[in-house]
Structure formats: C-alpha cells, structure tokens
Amino acid sequence: MDHIVSLAKVTKRYGEVLAVDELSLDIDRGEFVTLLGPSGSGKTTTLMMIAGFETPSSGLIHINGEMVVFKPPHKRNIGMAFQSYALFPHMTIFDNIAFPLKMRRRDKKEIQREVARALELVRLSQYGRRYPRQLSGGQQQRIALARALVYNPPVLLMDEPLGALDKKLREHMQLEIKHLHESLGITVVYVTHDQSEALTMSDRIALMNEGR
Ligand code: ADP
Ligand code: MG
C-alpha cells in the first residue's frame with residue numbers, strides 16, 4: 001500500500017460524454033508516470049480529478065493513503081504546472097513564485113528563503129525582479145515550474161507543460177524536468193500527446209484511448 005496516488009475505477013461523465021471510463025492506476029512514490037494519448041482521450045480530465053478541480057462521477061482516488069474525492073485542491077498539497085496556468089503578468093517573478101506561499105500564510109523570512117531556493121532550482125536566481133513579459137517562453141515555463149515546486153509538494157502534475165515551446169527548447173526542458181525529478185525524488189504525473197517526449201521522460205507510460 002505504498003502507492004502515493006491511486007485511482008480505482010474512476011469515471012467522469014459530462015452529460016452524454018464519457019471523458020474517463022473506469023480508469024484504475026496506481027503510482028509509486030518517486031515514480032515518473034506519463035499519460036500518453038490523442039486529444040480527447042481523457043488525460044486532462046484525469047489530472048484535474050487528481051488535483052481536485054473535477055469530481056469523479058464514480059470511483060475512488062487516494063493520495064498518500066487518504067481518500068481525497070471530497071477534498072478541495074488547496075488541501076491536497078499537489079504542485080501543478082499546466083499550460084493554461086499562466087504566470088500573473090502584473091506580478092514580478094518573485095511575487096509569482098511567492099504566491100502559493102502567501103496563500104498558505106507563510107511568514108516573510110520563509111517566503112524569501114523558499115523563493116530563492118525555487119529560483120535556484122530552475123537556475124534563474126537573477127530574475128526575481130523582472131516581470132513575466134521580460135522573460136523568454138522557456139524561462140517563463142521554468143518560473144511556472146518553480147511556482148509549482150516552491151511549497152515542496154510530494155506530487156507534481158504537469159499537463160503538456162512544454163507544448164508552446166519550439167523543438168530545441170522543448171528537448172532541453174525535458175532534460176531539466178527529468179533532472180529535477182531525480183534530484184528532488186518527487187512523484188510526477190505528466191501528460192503529453194508526444195510519444196518521443198513520453199519515452200524520453202517516463203519510468204512508466206499509461207496509454208490512454210477514449211477514456212480508458
Ligand atoms: P485530453 O486532455 O486527453 O485531450 P480531455 O480530458 O480534455 O482530453 O477530454 C476528454 C473528453 O471529455 C473530450 O471528449 C472532451 O470534449 C470532454 N470534456 C472535457 N472537459 C469537458 C467539460 N468541462 N464539459 C464537457 N465535456 C468535456
Ligand atoms: Mg488535455
């Protein structure tokens with residue numbers, strides 16, 4: 001029972017649409033698991049249910065041994081880097097990364113320290129005072145990653161985080177994310193429709209098709 005994330009016969013319906021169909025998946029602590037499948041196969045819906053932004057129509061989800069289906073996202077202690085989860089344009093890089101810590105009411109000194117550590121992780125220590133528009137696409141993606149990692153979540157969810165980047169940068173970021181996974185020992189649930197990306201990064205690949 002050492003699975004950090006466990007889905008048991010999880011189903012999600014949107015009216016007539018069966019987005020996820022009795023999906024069962026157990027993920028080990030420290031594992032890098034990728035959901036790979038075509039558009040519309042239920043990958044994002046699955047991540048949203050793990051994160052707590054969607055509730056399954058049926059089935060159970062356990063995180064760290066606890067049944068979380070009725071637990072709100074901010075109490076699940078999960079890091080998220082989604083393509084749609086853009087940086088806040090009116091905030092500095094420092095404030096963007098500090099945001100999850102402020103939400104959790106951490107004190108100022110700790111925020112300073114933890115933001116510095118997160119910036120170091122993604123090798124952008126000098127960029128705290130800039131605004132997102134003053135960074136390249138790849139740098140912004142690394143900041144989004146730093147924001148997801150800043151409160152040391154045991155599980156990190158990533159939904160096509162590199163989709164907007166060109167090929168060269170994407171391959172570079174794949175290696176950086178892989179390196180972070182190995183050095184932090186964090187559990188990663190990664191989503192992509194790119195087969196070579198999945199093969200490069202994953203310990204295990206879950207192939208998704210029509211919600212299964
Ligand atoms: P993927 O991420 O693999 O592209 P999704 O999980 O986004 O797939 O979608 C799975 C299916 O569920 C698709 O048919 C999609 O149209 C449908 N779907 C997703 N979200 C909603 C929603 N909020 N309302 C209705 N249908 C949805
Ligand atoms: Mg998707």
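## Basis of the description

Because the model is predicted, local features need pLDDT of at least 70 and side-chain atom pairs count only at pLDDT 80 or more, while totals for chains, interfaces and linings use all residues. Residues are numbered from 1 along each chain as its sequence is written, chains are lettered from A and ligands numbered from 1 in the order in which they are written, and side-chain values use heavy atoms, with hydrogens and water left out.

## The parallel sheet

Five strands form an open sheet with parallel pairing in the order 6-7-8-3-9. Strands here are DSSP runs of E with at least two residues, helices are runs of H or I with at least four residues, and both are numbered from the N terminus. Two strands pair if DSSP finds at least two bridges between them. Strand 6 (78-82) and strand 9 (204-207) are the edges, each pairing on one side only. From one strand to the next, the twist averages 15°; axes are lines fitted to C-alpha atoms, for helices over the stretch in contact, and angles run from 0 to 180 degrees between N-to-C directions.

Strand 3 (residues 32-36) and strand 8 (residues 187-192) run parallel and are joined by 5 bridges, with T34 opposite Y190 in strand 8. Two helices pack on this sheet. Helix 4 (residues 137-149) touches strand 6 and strand 7 (155-159), and its direction makes about 150° with that of strand 7. Helix 5 (residues 167-184) touches strand 3, strand 7 and strand 8, at about 140° to the direction of strand 3. Contact means heavy atoms within 4.5 Å.

## Strand 6

Strand 6 pairs with strand 7 in the parallel sense over 5 bridges, and F82 has D159 as its bridge partner in strand 7.

A second open sheet has 4 strands in the order 2-1-4-5, with antiparallel pairing. Its edge strands are strand 2 and strand 5 (66-67). Strand 4 (residues 58-63) is joined to strand 5 by 2 bridges, and H62 stands opposite M67. Helix 1 packs on this sheet, touching strand 1 (3-14), strand 2 and strand 4, and its direction makes about 120° with that of strand 1.

## Ligand 1

Residues around ligand 1 include Y14, V17, P38, G40, K43 and T44, a residue being counted if one of its heavy atoms lies within 4 Å. Strand 2 (17-28) and helix 1 (43-51) each supply at least two residues of this shell; helix 1 gives the most, with 3 residues.

Polar contacts are pairs of N or O atoms within 3.5 Å. A polar backbone atom of G40 is 2.7 Å from an oxygen atom of ligand 1. Polar side-chain atoms of K43 and T44 each lie 2.8 Å from an oxygen atom of the ligand. Taken alone, ligand 1 exposes 560 Å², of which the protein buries 59%; accessible areas come from the Shrake-Rupley method with a 1.4 Å probe.

## R106

R106 is in the loop between helix 2 (93-103) and helix 3 (108-121). This residue is partly exposed, with a relative accessible area of 31%. Not counting residues up to four places away in sequence, R106 touches L101 and I111. The C-alpha atoms of R106 and Y151 are separated by 10.0 Å.

Definitions and conventions
Buried < 20%, exposed > 50% of the residue type's maximum accessible area, 1.4 Å probe, protein only. Polar contact = N/O pair within 3.5 Å; in protein donor to acceptor, adjacent residues only side chain to side chain.
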